[in-house]
Amino acid sequence: MWGAPAEPADSYYEVRPECTDVPKTRFKIKPGKTLSARKWQAAFTPEGQLDIGKTLSRIHRGGIHPSIRGEVWEFLLGCYEPKSTFDEREEIRQRRRLQYSAWKEECHQIFPVVGSGKFITAPVVTEDGQPIQDPLVLQETNSGISASSSKMVKELLSHGPLDKKVIQWMLTLHQIGLDVIRTDRTLVFYEKQENLSKLWDILAVYAWVDRDVGYCQGMSDLCSPMIILLENEADAFWCFERLMRRLRGNFRCTESSVGVETQLSNLASITQRHWAEVTISLRSECLWSCSVENFHFVTHYISGR
Amino acid sequence: MAAYRADEDYDYLYKVVLIGDSGVGKSNLLSRFTRNEFSLESKSTIGVEFATRSIRVEDKIVKAQIWDTAGQERYRAITSAYYRGAVGALLVYDVTRHVTFENVERWLKELRGHTDSNIVIMLVGNKADLRHLCAVSTEDAKAFAERENTFFMETSALESMNVENAFTEVLTQIYHVVSRKALDIGGDPAALPKGQTINVGGKDDVSAVKKVGCCNA
């Protein structure tokens with residue numbers, strides 16, 4: 001292995017042949033640097049306790065071999081305590097899988113497209129909870145599900161007007177669908193309908209569980225790698241949930257602000273203080289406004305140069 | 001964005017916003033106009049992006065700074081900054097998705113609530129290449145545009161149909177509005193009907209006549 005040339009990782013995340021302008025990944029599997037399956041397994045005691053310190057410097061220097069990336073990420077994201085044993089983790093895993101299926105079932109009961117292997121990209125309810133019969137949704141859901149989505153909503157309504165939280169959730173479902181079909185579309189992985197609907201299901205369940213955040217554009221991009229790396233849908237959900245614990249603040253919204261604005265305002269003041277040159281140059285190009293709202297726009301400008 | 005060049009020479013800088021529901025093709029209209037690019041694999045827009053392109057209108061160079069935003073309702077929280085100083089807008093719907101046309105009214109209301117009354121608005125029915133899937137008739141859209149006093153065009157960012165025309169028309173109309181205002185002010189400022197002024201070179205205003213300048217800070 002030592003001295004062997006670095007291997008590009010593109011073959012692990014295959015790109016559709018018609019997508020010719022996709023940049024090649026800069027990540028390379030470097031023997032002796034990248035955390036390999038062998039090194040990873042060697043970091044566990046026979047009971048399954050992980051000496052994560054042994055692996056971190058490799059991860060830092062050479063990344064993680066794609067074949068073990070999913071399981072390593074589970075630890076890095078904090079799904080499991082490194083010092084737990086195989087048995088303990090297995091128990092937690094099973095419990096979490098059950099929890100996920102219970103939530104998914106709740107969602108399925110409200111809106112049976114969840115878990116059906118299909119998804120929607122047009123709204124099914126109005127803001128006041130009235131059903132919408134969009135021909136597109138009928139088309140998207142007709143086969144495999146006995147009832148059409150408008151029938152589903154009508155059925156829901158037969159128990160009285162929809163609960164506000166149900167309406168809020170249902171209003172996000174088509175937005176999730178619209179983003180799912182635009183997430184990592186260059187990958188062969190997403191040519192499979194089942195992977196698209198997996199992404200949709202996880203985001204729909206997440207939106208149901210985390211009502212403060214629901215679904216916000218950008219979340220599909222964060223969820224996608226989990227699905228690619230972890231075959232089990234529930235495991236992927238929990239990795240995503242862990243990641244969202246750190247990031248959900250960015251997506252929370254009030255009447256007047258998007259969560260990420262707090263970060264941007266901090267970044268703005270740091271820049272103003274320490275990066276006078278950039279600030280001056282931005283000012284001179286009509287771009288700079290001291291208001292925080294414009295800062296996200298300025299960051300695009302900086303990163304694009 | 002790399003397309004932005006500070007040394008470009010121009011006579012006018014106009015801020016134009018792209019608005020409309022998620023997935024109607026706003027970002028691809030922008031990339032088609034500013035870079036002549038289209039991507040079937042484009043991602044959803046997060047927050048705000050922008051690009052610029054200069055065109056010639058009559059004997060002047062007009063630089064369009066075009067802002068593109070996420071279509072999701074959630075991002076409406078940052079709209080006041082998004083609309084600030086805009087003198088033109090392309091209100092985009094997807095001709096294959098009727099609901100995106102139904103929402104045009106809401107977008108229009110929001111746009112008018114946040115911008116100067118002289119803003120030049122064009123209603124744009126995008127994805128016109130998908131004729132067999134068309135769910136919004138040209139007549140309906142035209143009637144709506146007439147009623148609301150906006151311009152109207154059907155475009156295809158994919159086939160590069162009418163994209164150039166739509167942006168050029170908006171920029172030309174803005175140019176006319178702005179130069180008419182300049183003329184009016186030069187002649188008899190008191191003759192300007194109230195509420196009709198177009199704000200150029202204001203403090204928070206991106207769009208400006210270059211010579212007046214918004215960068216004298």
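In helix α9 (residues 219-229) of chain A, the buried residues are A:Met219, A:Ser220, A:Cys223, A:Ser224, A:Met226, A:Ile227 and A:Leu229. This is a predicted model, where local features need pLDDT of at least 70, side-chain atom pairs count only at pLDDT 80 or more, and totals for chains, interfaces and linings use all residues. Residues are numbered from 1 along each chain as its sequence is written, chains are lettered from A and ligands numbered from 1 in the order written, and side-chain values use heavy atoms, with hydrogens and water left out.

Biologist: Which elements of chain A cover the buried residues of α9(A)?

Modeller: Buried means under 20% relative accessible area, with a 1.4 Å probe and protein chains only. Helices here are DSSP runs of H or I with at least four residues, numbered from the N terminus, and contact means heavy atoms within 4.5 Å. The cover for those α9(A) residues includes α3 (69-76), α7 (164-180), α8 and α10 of chain A.

Biologist: OK, and how is the aromatic pair of A:Tyr206 and A:Phe240 arranged?

Modeller: Rings of Phe, Tyr and Trp (its six-membered ring) pair if their centres lie within 6.5 Å; planes under 30 degrees apart are stacked, over 60 edge-to-face, the rest tilted. These two are 5.1 Å centre to centre with 70° between the planes, so by that rule the pair is edge-to-face.

Biologist: How many residues apart are they in the chain?

Modeller: A:Tyr206 belongs to helix α8 (residues 193-209) and A:Phe240 to helix α10 (residues 233-251), both of chain A. A:Tyr206 counts as buried at 5% relative accessible area, and A:Phe240 is buried at 0%. The pair links distant parts of the chain, and the separation is 34 residues.

Biologist: Which residues form one aromatic cluster with A:Tyr206 and A:Phe240?

Modeller: Over all chains the count comes to 21 aromatic pairs. Besides A:Tyr206 and A:Phe240, the cluster takes in A:Tyr100, A:Trp103, A:Phe237 and A:Trp238.

Biologist: Switching to chain B, is B:Thr100 buried or exposed?

Modeller: B:Thr100 lies in helix α3 (residues 98-102) of chain B. Its relative accessible area is 3%, so by the under-20% rule B:Thr100 is buried.

Biologist: Which backbone oxygen does the B:Thr100 side chain reach?

Modeller: Leaving aside neighbours within four places in sequence, B:Thr100 is in contact with B:Asp21, B:Val24, B:Tyr93 and B:Asp94. At 2.7 Å, its side chain reaches the backbone oxygen of B:Arg97.

Methods:
Helix = DSSP H or I, 4+ residues; strand = E, 2+ residues; numbered from the N terminus. Buried < 20%, exposed > 50% of the residue type's maximum accessible area, 1.4 Å probe, protein only. Polar contact = N/O pair within 3.5 Å; in protein donor to acceptor, adjacent residues only side chain to side chain.
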